[in-house]
Amino acid sequence: MEAVIDVRGVEKMYRRKVHALRGVDLQVGAGEIFGLLGPNGAGKSTLVKVLLTVIKPTKCAGSLLGSKIGDKSTLSQVGYLPEHHNFPKYLTSQQVLRHYGAMAGVDRKTRNKRCDELLEVVNMSEWADHKLGTYSKGMRQRIGIAQALMNDPKLVVLDEPTDGVDPIGRRDIREILLRLKGEGRTVFLNSHLLSELEMVCDRVAIMVHGLMHQQGTINELTSGQSGFVIKTKSAMADDVVEAARNAISDITGDVENEQTKLRFNTSEAGKIQPAIDSLRARGVVIESIGFHRQSLEELFIEAVNESGGGAKPGAQKAKKGARS
């Protein structure tokens with residue numbers, strides 16, 4: 001897989017000896033939608049700012065779009081929507097897009113053409129001549145995404161693109177993201193809305209305390225906690241549970257909820273049949289059988305808990321003798 005972002009050992013320490021990033025490795029492939037997750041203060045925004053040369057890292061090795069991190073000429077191929085953007089409310093959406101297109105070095109003829117095209121992409125053509133002060137939050141987010149596309153970027157970095165947007169607006173933005181992917185662009189998302197990321201992302205990464213905790217496809221990250229769940233009408237005796245487990249020697253079986261649920265870590269329905277036969281032979285009444293996959297929210301909470309409750313604003317102060 002061709003890497004659009006490939007960085008290793010990224011560190012950022014501020015003067016007060018606060019480690020915002022403590023050796024982050026990150027790989028984002030071409031043409032994928034990639035989600036960056038983490039609690040407040042985990043270092044997500046700091047990492048994005050390092051990638052976009054907004055702040056200088058303490059240590060960083062790697063590349064962005066094939067060029068060394070810090071190469072400002074590469075940024076002409078990147079579109080960016082910051083979390084707290086504040087476009088002038090007295091401008092119309094057309095004026096905003098043309099202004100930011102000019103700032104990105106797009107010639108007048110091209111930016112006029114792209115302005116009309118992008119307003120159509122984000123379903124805002126009818127509002128082209130209205131001032132942003134009359135827009136809802138969701139409408140301003142759409143214009144923000146259009147702004148990030150004015151320079152026809154290969155990489156689109158969006159920080160909380162659905163923040164404050166209603167469900168219909170979030171659905172529309174998801175469709176825009178999938179369209180960008182269909183055009184061959186790479187989309188890098190920083191978001192707290194885990195259910196949104198779960199629906200569109202090819203891969204995700206979870207940051208906690210300035211460190212990369214996990215990254216991969218959602219299926220890869222949740223495979224160990226997914227499987228078929230057999231729910232029984234009443235609690236199963238220990239010997240009944242053990243017999244069902246022994247019926248499937250090569251699959252782990254975990255009991256849940258006061259022994260009324262038995263989960264086997266497999267996605268193959270055929271493999272749990274011996275356990276079903278064992279339970280029925282012992283007179284157990286089975287209420288339901290279904291496949292449960294750990295959600296991205298469950299995975300996220302588990303990662304935060306494993307790392308000591310998550311990061312606080314400012315990440316962590318460097319400890320004496322710790323890696324710097």
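Which residues are exposed on the other side of H8? I began with this question and took the remaining elements in turn.

**Basis of the entries**

I worked from a predicted model, in which local features need pLDDT of at least 70, side-chain atom pairs count only at pLDDT 80 or more, and totals for chains, interfaces and linings use all residues. Residues are numbered from 1 along each chain as its sequence is written, and side-chain values use heavy atoms, with hydrogens and water left out.

**Helix H8**

I took helices (H or I, at least four residues) and strands (E, at least two) as DSSP runs, numbered from the N terminus. I called a residue buried under 20% relative accessible area, exposed over 50%, and partly exposed in between (1.4 Å probe, protein chains only). In helix H8, residues 238–246, I found Val240, Val241, Ala243 and Ala244 buried. They lie on the same side of H8 because they cover an arc of only 160 degrees around the axis; the arc is that of the directions from the helix axis to the C-beta atoms. On the other side of H8, I noted Asp238, Asp239 and Asn246 as exposed, which settles the opening question.

**The six-stranded sheet**

I traced an open sheet of six strands with mixed pairing, in the order S6-S7-S8-S3-S9-S10. Its edge strands, S6 (78–81) and S10 (211–216), each pair on one side only; two strands pair if DSSP finds at least two bridges between them. Neighbouring strands of this sheet are turned against each other by 15 degrees on average, direction ignored. I looked up S9 (residues 203–208) and S10, which run antiparallel and are joined by five bridges. Valine 208 is placed opposite leucine 211 in S10.

I then found helix H10 (residues 296–306) lying across S3 (33–37), S9 and S10, at about 30 degrees to S9. Here axes are lines fitted to C-alpha atoms, for helices over the stretch in contact, and angles run from 0 to 180 degrees between N-to-C directions. Contact means heavy atoms within 4.5 Å.

**Aromatic pairs**

Rings of Phe, Tyr and Trp (its six-membered ring) pair if their centres lie within 6.5 Å; planes under 30 degrees apart count as stacked, over 60 as edge-to-face and the rest as tilted. The rings of phenylalanine 34 and phenylalanine 188 are stacked, because their centres are 5.8 Å apart and their planes are at 10 degrees. This pair links strand S3 to strand S8 (residues 186–190), 154 residues apart in the chain. I recorded phenylalanine 34 as buried at 0% relative accessibility, and phenylalanine 188 as buried at 1%.

Phenylalanine 87 is in the loop between S6 and helix H2 (93–103), and tyrosine 100 is in helix H2. Phenylalanine 87 is buried at 6%, whereas tyrosine 100 is partly exposed at 25%.

**Positive phi values**

Which residues other than glycine did I find with a positive phi? Asparagine 123 has phi near 55 degrees and is in the loop between helix H3 (108–121) and helix H4 (137–148). Glutamate 160 has phi near 50 degrees and is in the loop between strand S7 (155–159) and helix H5 (167–182). Asparagine 123 is exposed at 51% relative accessibility, whereas glutamate 160 is buried at 4%.
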